[in-house]
Amino acid sequence: MSMPSDPTVYEGKLSDGRTAATMRVNVRFAEAGLEILPAGERRAPLVWPYANLGSSVPLRTDAPDALLSLKPAGTQTLFVADPAFSRSLRARVGDLSPARQRLAGLRPGAVFATLVAAIVGAIWYMDYRPLQAAARLMPQDAREKMGRNVVASLAAGMRTCETGPGRAALDRLTQRLVTAASDRPMPVRVVMVNWGEVNAFAAPGGQLVLTRGLVQTAGSAEEVAGVLAHELGHAIELHPETGLIRTIALGAAADLIFAGAGSATNIGLALTELRYSRAAEREADTHALRILKNAGIAARGFGDFFERIGAMYGGKRRDEKTSGEKEKADSMGRRLLTIVSTHPLTDERIAMVRAQPAYPATPALSEVDWRALREMCGAPTAPRQPASTPAQRQPGPPPAERQPGAPSGGSQDERKGTNL
Amino acid sequence: MSVVDNAAVPAAGSHRITWAHPPGGFLGLSLLNGLLRILTLGVYHFWGKTEVRQRIWSAVRIDGEPLEYRGTGGELFKGFLIVFALVLLPLSIVGFLPVLLWGVSFTSNFAIQAAIFLVIIALGGFGMFRARRYRLSRTRWRGIRGGLSGRSTPFAWTYLWTTALIPLTLGWIIPWRAARLQRALFNETHFGDKAFTFTGRSGPLYVRYVLVWLSAIILYFAAFTAIFTVYFAGLGGPPPPGGPLPSPSYAQIAAMIAIGLGALLIFAMIRAWYSSRMFNYFASETKYHGCGFRLTTTVPSLVWLAATNYLMRALSLGVLSPITEARSMRYIVERLTLEGSVDWPAVGQNPDALLARGEGLAEAFDVDAF
């Protein structure tokens, strides 16, 4: 140590680490280290080298006292209750300062954060999608079962429409799109739910859901075909499976970093997922246009459907009294990658579809098939027959109070538990 | 330095335990730790926690000399990593892999989640015991270490079966369980080579517990009756049979929430009346080498401490929890008096070998015997 010795003598208490007794000592800053001498004794003092001193707390300049021992595992302790002593000690042994102690503790965290940043950067740079890759590892029948669970829980309390000429028409349309989508066989199942809400979504394992409300709102079979092609796009890209894995992975990571800070984490996760789902919608739209073209179905219907939805959400929805319920429905829709989600902005999607050059096309469905599809869950104008399920499970107001084809603003809270 | 205490502790009179509020307090440290934790993606948590403990421990003074926390962030981190690899990771894999791989139904998934929950409870006792052992072994006063002897398995087993009996006994086992766990922990607690003794029984706790139990039931029904009265009063008549129930107005909702919160607060007071008695009684039944303890917690102060600590943690998303930990420690220290005098020179060093790792299990499950 370059600092000169200091003649000031401080009173302290020394414990020898063998018993809980203590003895009064005099302490002095010598050149070689702290000199500790039992009060009233004539013997050689203990000398604690400055470099080996450890403090029980990081030593602040305003510390009223200091408790010292020798590093790394000294059991002798020296306690000096004098602010002047703490100040002098800090001046001599900078390593005891809080900043230096924290810097040492930061090292592992800094290494870890740098590593994570490097990995994330590399994944970003190489445009690798680790979550989608993980989703592809899931066996098809597991994805299918999972998707059936999701569909079942979403359709709880609602009738699914499985039979009749409408079913056959829907299967014909689906088959045409699937064949156009990929050379390889793709297991796809489309479930039609007797639900007034205008909606469609993709669950894991190629399980697609259409609602009665959507089919009856659509102006042509081409519109339904566009929506189906879009959902097929989600299925091809494994968006539902990827979303599930992302939710699990991000949730676990956030729990590790912010353990306990639940709500902040959830907001962050929701925002992250929103960002991902925008990209996913664009991908699905791109697939939809390709599939429609391959299938020889006009893409105009897809654009018509967006316009219809845009008009409905821009105009009619605004004066509905239950805007809170709408938001709920929207947030659920977003999580399920629904066709009716507000992003990418509908105008942008319409423009994208309209920019598509024309190609030779045939009708998506025959007139007979189209009518059968619309009436699959019952005739559009007829009041819905009472379902076999309890009344309170029925979403939305009774059909008589609803404008035909308009989306119901009903509460879908019961179906929010699908967590996708 | 074998000279025996030449400035002996005053022979007469009791020792004093006091709180010396540390310079800088805990607010700045909390905020700094929160920031560094985010910057290091969570890893700094263990080092931040260690500095908080160093500061809290050193604020506790016995006869003017501070306690010392000797644990390190690295130890806590290693403990966490081990528990993460051996417990958390396997549990979470068991938690979601069946859904991903085999698409099990929601009911089977519920069963899996329930099983995981049971494992966590089973590990709760281990976590509690080990956390306490680690902390005691890292606590020094005058260079003498604390410690917890005994093994964690018997404690974990007691913890598990007494926890399982709580619902089966409709809660009547709770005071008995508290005394039993306290005895298991304190009779094994050491400072140096001398053990604490705990002679408390559950009998004296039951008088107040009866009232807690009855009031819980009475309050529950009273609150529900009041809430339904408010609800149906707003309808102006019985609801149409079979039809959907109309939604209550905002005023009604506010009144219903107020009733619920009021009942909760009353219950918290009664519960604190029991807990306060329990803390004070347990302290009075604890001895260390000729020294007794007297704790004087009071009901209003306990409720205030619990409520404000809870709000502080919740509103700051946990960032301010160092402040709440310090407040809890200070609360106890300022209400604790030591009765009688310990022959300090007769207290030798704790012979237990130091444990190598931190308190991972407790950290992971958030159990704390403090």
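How many bridges join strand β3 (residues 33-38) of chain A to β4(A)? The answer is four, and the two strands run antiparallel. Welcome to a quick tour of this predicted model, which scores ipTM 0.83 and pTM 0.71. Chain A averages a pLDDT of 76, and chain B averages 85. Each chain has an open sheet with antiparallel pairing: seven strands in chain A and ten in chain B.

**The sheet of chain A**

- Reading across the sheet, the strand order is β4-β3-β2-β1-β7-β6-β5 (chain A).
- At the edges stand β4 (46-49) and β5 (53-55) of chain A; each has a single partner strand, so one side of each lacks a neighbour in the sheet.
- From one strand to the next, the twist averages 35°.
- A handy landmark for the pairing of β3(A) with β4(A) is Ile36(A), which stands opposite Leu46(A) in β4(A).
- Helix α1 (residues 83-92) of chain A packs on this sheet, where it touches β1 (9-15), β2 (23-29), β6 (66-70) and β7 (77-80) of chain A. The direction of this helix makes about 45° with that of β6(A).

**The sheet of chain B**

- Here the strands follow one another in the order β1-β2-β3-β4-β5-β6-β7-β8-β9-β10 (chain B).
- The edge strands are β1 (17-19) and β10 of chain B, each with a single partner strand, so one side of each is left without a neighbour in the sheet.
- The twist averages 30° from one strand to the next.
- Strand β4 (residues 139-141) of chain B is joined by two bridges to strand β5 (residues 144-148) of chain B, and the two run antiparallel. In this pair, Trp141(B) stands opposite Ile144(B) in β5(B).
- Further along the sheet, strand β8 (residues 286-288) of chain B pairs with strand β9 (residues 291-295) of chain B in the antiparallel sense, over two bridges. Tyr288(B) stands opposite Cys291(B) in β9(B).
- β9(B) also pairs with strand β10 (residues 336-339) of chain B, again antiparallel and with four bridges. Arg294(B) faces Thr337(B) of β10(B) across this pairing.

**Helices of chain B**

- Helix α8 (residues 250-284) of chain B lies across β8, β9 and β10 of chain B and runs at about 170° to β9(B).
- Helix α10 (residues 321-334) of chain B packs on the sheet as well, touching β1, β2 (60-62) and β10 of chain B, with its direction at about 145° to that of β1(B).
- Two helices also pack on each other: α1 (residues 27-39) and α2 (residues 45-59) of chain B meet at an angle of about 165°, with their axes 9 Å apart. Because angles over 145 degrees count as roughly antiparallel, α1(B) is roughly antiparallel to α2(B).
- Their crossing is right-handed.
- From α1(B), the contact draws on Leu29(B), Asn33(B), Leu36(B) and Arg37(B); from α2(B), it draws on His45(B), Gly48(B), Glu51(B), Val52(B) and Arg55(B). These residues divide into three nonpolar, three polar and three charged.

**Backbone details to check**

- Most residues other than glycine have a negative phi, and most peptide bonds are trans.
- Lys71(A) and Pro72(A) are joined by a cis peptide bond, with omega about 0°. Pro72(A) belongs to the loop between β6 and β7 of chain A.
- Arg142(B) has a positive phi, near 50°, and its place is in the loop between β4 and β5 of chain B.
- β8(B) and β9(B) form a hairpin with two residues between them, and His289(B) in the turn has a positive phi of about 45°.

**Confidence**

- In chain A, 75% of the residues reach a pLDDT of 70 or more; in chain B, 86% score at least 70.
- Within chain A, confidence is highest in β7(A), at 96, and lowest in helix α11 (residues 323-335), at a mean of 42.
- Chain A has pLDDT under 50 over residues 315-337, with 32 contacts beyond four places in sequence, and over residues 382-420, with 61 such contacts.
- In chain B, pLDDT stays under 50 over residues 1-12, which have 15 contacts beyond four places in sequence. Residues 366-370 of chain B are also below 50, with ten contacts beyond near neighbours in sequence.
- Where pLDDT is low, the predicted coordinates should not be read in detail.

Terms used:
Residues numbered from 1 in each chain as written. Chains lettered and ligands numbered in written order. Predicted model: local features only at pLDDT ≥ 70, side-chain atom pairs only at ≥ 80, totals over all residues. Pairing = 2+ DSSP bridges. Axes fitted to C-alpha atoms, helices over the stretch in contact; angles between N-to-C directions. Contact = placed C-beta atoms within 7 Å. pLDDT = per-residue confidence, 0-100. Parallel < 35°, antiparallel > 145°, perpendicular 65-115°, else oblique. Left-handed = near helix turned anticlockwise from the far one by under 90°. Nonpolar A, V, L, I, M, F, W, Y, C, P; charged D, E, K, R; others polar.
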